[in-house]
Amino acid sequence: MIPELTILTLAALLQVAQMGAYSVTANAQVDLNTALGPRDTPVALTGVAGRLHRAMNNHFEGLLLFAIACVVITLSGQSSAFTTGCAWIYLIARAAYVPAYALGLAPWRSVIWMIGFGATTAMLIAALI
(Lines give C-alpha, C1' and ligand atoms only; values in the text may rest on other atoms or scores of the structure.)
Protein backbone atom coordinates (compact mmCIF):
# COMPACT_ATOMS: atom_id res chain seq x y z
CA MET A 1 0.00 0.00 0.00
CA ILE A 2 1.34 3.44 -0.86
CA PRO A 3 2.07 5.79 2.06
CA GLU A 4 -0.82 8.14 1.29
CA LEU A 5 -3.32 5.28 1.71
CA THR A 6 -1.67 4.18 4.95
CA ILE A 7 -1.94 7.73 6.25
CA LEU A 8 -5.56 7.92 5.07
CA THR A 9 -6.26 4.78 7.10
CA LEU A 10 -4.59 6.35 10.13
CA ALA A 11 -6.70 9.50 9.61
CA ALA A 12 -9.83 7.33 9.57
CA LEU A 13 -8.73 5.70 12.84
CA LEU A 14 -8.22 9.20 14.27
CA GLN A 15 -11.84 9.88 13.33
CA VAL A 16 -12.89 6.72 15.19
CA ALA A 17 -10.99 7.95 18.26
CA GLN A 18 -12.68 11.35 17.98
CA MET A 19 -16.08 9.69 17.82
CA GLY A 20 -15.24 7.76 20.99
CA ALA A 21 -14.02 10.85 22.85
CA TYR A 22 -17.10 12.80 21.80
CA SER A 23 -19.41 9.95 22.82
CA VAL A 24 -17.89 9.61 26.27
CA THR A 25 -17.99 13.35 27.01
CA ALA A 26 -21.48 13.80 25.52
CA ASN A 27 -22.96 10.90 27.46
CA ALA A 28 -21.57 12.41 30.66
CA GLN A 29 -23.76 15.48 30.05
CA VAL A 30 -27.08 13.78 29.35
CA ASP A 31 -29.17 11.24 31.20
CA LEU A 32 -29.39 7.60 30.08
CA ASN A 33 -32.82 8.02 28.45
CA THR A 34 -31.53 10.86 26.30
CA ALA A 35 -28.34 8.99 25.40
CA LEU A 36 -30.26 5.88 24.35
CA GLY A 37 -33.28 7.68 22.88
CA PRO A 38 -34.00 8.76 19.30
CA ARG A 39 -32.86 12.36 19.95
CA ASP A 40 -35.80 13.86 18.11
CA THR A 41 -35.09 17.02 20.05
CA PRO A 42 -31.52 18.25 19.53
CA VAL A 43 -29.32 18.13 22.61
CA ALA A 44 -27.21 21.21 23.27
CA LEU A 45 -23.81 20.10 24.49
CA THR A 46 -21.51 22.53 26.25
CA GLY A 47 -17.86 22.74 27.14
CA VAL A 48 -15.47 20.02 26.02
CA ALA A 49 -18.28 17.76 24.73
CA GLY A 50 -19.58 20.50 22.44
CA ARG A 51 -16.10 21.33 21.22
CA LEU A 52 -15.26 17.65 20.59
CA HIS A 53 -18.51 17.33 18.62
CA ARG A 54 -17.58 20.30 16.44
CA ALA A 55 -14.00 19.02 16.00
CA MET A 56 -15.35 15.60 14.98
CA ASN A 57 -17.70 17.13 12.41
CA ASN A 58 -14.90 19.33 11.12
CA HIS A 59 -12.73 16.26 10.60
CA PHE A 60 -15.51 14.54 8.66
CA GLU A 61 -15.41 17.51 6.27
CA GLY A 62 -11.60 17.61 6.07
CA LEU A 63 -11.33 13.84 5.76
CA LEU A 64 -13.49 13.90 2.64
CA LEU A 65 -11.10 16.27 0.83
CA PHE A 66 -8.07 14.38 2.11
CA ALA A 67 -9.53 11.08 0.93
CA ILE A 68 -10.12 12.57 -2.53
CA ALA A 69 -6.50 13.76 -2.62
CA CYS A 70 -5.22 10.32 -1.59
CA VAL A 71 -7.39 8.50 -4.14
CA VAL A 72 -6.39 10.84 -6.97
CA ILE A 73 -2.70 10.50 -6.08
CA THR A 74 -3.03 6.71 -5.85
CA LEU A 75 -5.02 6.15 -9.03
CA SER A 76 -2.86 8.49 -11.08
CA GLY A 77 0.35 6.87 -9.79
CA GLN A 78 1.71 10.22 -8.58
CA SER A 79 2.82 9.31 -5.08
CA SER A 80 6.00 11.18 -4.26
CA ALA A 81 8.00 12.35 -1.29
CA PHE A 82 6.12 15.64 -1.57
CA THR A 83 2.62 14.09 -1.49
CA THR A 84 3.64 11.71 1.29
CA GLY A 85 4.99 14.65 3.28
CA CYS A 86 1.76 16.55 2.74
CA ALA A 87 -0.22 13.53 3.92
CA TRP A 88 1.84 13.31 7.11
CA ILE A 89 1.41 17.04 7.70
CA TYR A 90 -2.36 16.63 7.31
CA LEU A 91 -2.47 13.76 9.81
CA ILE A 92 -0.25 15.50 12.36
CA ALA A 93 -2.28 18.71 12.03
CA ARG A 94 -5.56 16.82 12.51
CA ALA A 95 -4.17 15.00 15.55
CA ALA A 96 -3.08 18.36 17.03
CA TYR A 97 -6.40 20.00 16.10
CA VAL A 98 -8.47 17.79 18.40
CA PRO A 99 -6.87 18.81 21.71
CA ALA A 100 -6.46 22.40 20.48
CA TYR A 101 -10.20 22.59 19.84
CA ALA A 102 -11.16 20.66 22.98
CA LEU A 103 -9.09 23.01 25.12
CA GLY A 104 -10.33 26.11 23.28
CA LEU A 105 -6.86 27.20 22.18
CA ALA A 106 -7.62 30.23 20.02
CA PRO A 107 -6.17 31.17 17.58
CA TRP A 108 -3.99 28.03 17.48
CA ARG A 109 -6.91 25.81 16.59
CA SER A 110 -7.47 27.83 13.42
CA VAL A 111 -3.75 27.93 12.58
CA ILE A 112 -3.54 24.14 12.94
CA TRP A 113 -6.65 23.74 10.77
CA MET A 114 -5.08 25.92 8.05
CA ILE A 115 -1.92 23.81 8.05
CA GLY A 116 -3.91 20.61 7.49
CA PHE A 117 -6.12 22.22 4.87
CA GLY A 118 -3.08 23.63 3.09
CA ALA A 119 -1.43 20.20 3.01
CA THR A 120 -4.55 18.67 1.45
CA THR A 121 -4.77 21.48 -1.09
CA ALA A 122 -1.10 21.02 -1.99
CA MET A 123 -1.72 17.31 -2.61
CA LEU A 124 -4.62 18.11 -4.94
CA ILE A 125 -2.57 20.66 -6.86
CA ALA A 126 0.37 18.22 -7.07
CA ALA A 127 -1.96 15.70 -8.74
CA LEU A 128 -2.70 18.23 -11.50
CA ILE A 129 0.90 19.13 -12.35
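This report describes the predicted model of one protein chain, from its overall fold to particular residues.

## Overall architecture

The secondary structure of the protein chain consists of 5 helices and 0 strands. Read from the N terminus on, the order of the elements is α-α-α-α-α. Taken along the principal axes, the C-alpha atoms of the chain fill a box of roughly 50 × 30 × 20 Å. The chain has 129 residues, and buried residues make up 34% of them.

Between helix 4 and helix 5 there is a loop, and Pro107 has its place there. The peptide bond that joins Ala106 and Pro107 is cis, with omega at about 0 degrees.

## The nonpolar core

In soluble globular proteins, nonpolar side chains tend to be buried together. In this model, the largest nonpolar core has 16 residues. Within this core, the residues with the most contacts are Ala11, Leu63, Phe66, Tyr90 and Met123. Helix 1, helix 3, helix 4 and helix 5 are the elements that give two or more residues to the core. Helix 3 gives the most, with 5 residues.

## Aromatic pairs

The structure holds 3 aromatic pairs. One of them is formed by Phe66 and Tyr90, whose rings are stacked at 4.0 Å centre to centre, with 10 degrees between the planes. This pair links distant parts of the chain: Phe66 belongs to helix 3 (residues 47-75) and Tyr90 to helix 4 (residues 81-102), and the two are 24 residues apart. Phe66 has 0% relative accessibility and therefore counts as buried. Tyr90 also counts as buried, because its relative accessibility is 2%.

Trp113 counts as partly exposed because its relative accessibility is 32%. Phe117, at 40% relative accessibility, likewise counts as partly exposed.

## Arginines over aromatic rings

Two arginine residues lie over the faces of tyrosine rings. Arg94 is placed over the face of Tyr97, at 4.4 Å from the ring centre. Arg109 is placed over the face of Tyr101, at 4.4 Å from the ring centre.

## The largest pocket

The largest pocket has a volume of about 170 Å³. Its lining is made up of Tyr22, Ser23, Ala26, Asn27, Val30, Thr34, Arg39, Val43, Leu45 and His53. By class, these lining residues comprise 5 nonpolar, 4 polar and 1 charged residues. Helix 1 (residues 3-27) supplies the largest share of the lining, with 4 residues.

One of the lining residues is Ala26, which has its place in helix 1. Ala26 counts as buried because its relative accessibility is 8%, a value that falls under the 20% limit for buried residues. Tyr22 also lines the pocket. From Tyr22 to Arg54 the separation is 32 residues in sequence and 9.2 Å in space, C-alpha to C-alpha. Arg54 is located in helix 3 and is partly exposed, with a relative accessible area of 41%.

## Separation in sequence and in space

Helix 1 also contains Val24. Val24 counts as exposed because its relative accessibility is 61%, which is over the 50% limit for exposed residues. The table below sets out residue pairs with their separation along the chain and their C-alpha to C-alpha distance.

| Residue pair | Separation in sequence | C-alpha to C-alpha distance |
|---|---|---|
| Arg54 and Tyr22 | 32 residues | 9.2 Å |
| Val24 and Val98 | 74 residues | 15 Å |
| Ala26 and Leu124 | 98 residues | 35 Å |

## Summary

The predicted chain is built from 5 helices and 0 strands. The stacked pair of Phe66 and Tyr90 links helix 3 with helix 4. The largest pocket, in turn, takes the largest share of its lining from helix 1.

Definitions and conventions: Residues numbered from 1 in each chain as written. Predicted model: local features only at pLDDT ≥ 70, side-chain atom pairs only at ≥ 80, totals over all residues. Heavy atoms only, no water. Phe/Tyr/Trp six-rings, centres within 6.5 Å; stacked < 30°, edge-to-face > 60°. Buried < 20%, exposed > 50% of the residue type's maximum accessible area, 1.4 Å probe, protein only. Lys NZ or Arg CZ within 6 Å of the ring centre and 35° of its normal. 1 Å grid on protein atoms, 1.4 Å probe; cavity = no way out; pocket = protein on both sides within 12 Å on 5 of 7 lines; lining within 4 Å. Points joined across faces, edges and corners; volume = space filled by probe spheres on them. Nonpolar A, V, L, I, M, F, W, Y, C, P; charged D, E, K, R; others polar. Core = buried A, V, L, I, M, F, W, Y, C linked by side-chain atoms within 4.5 Å.
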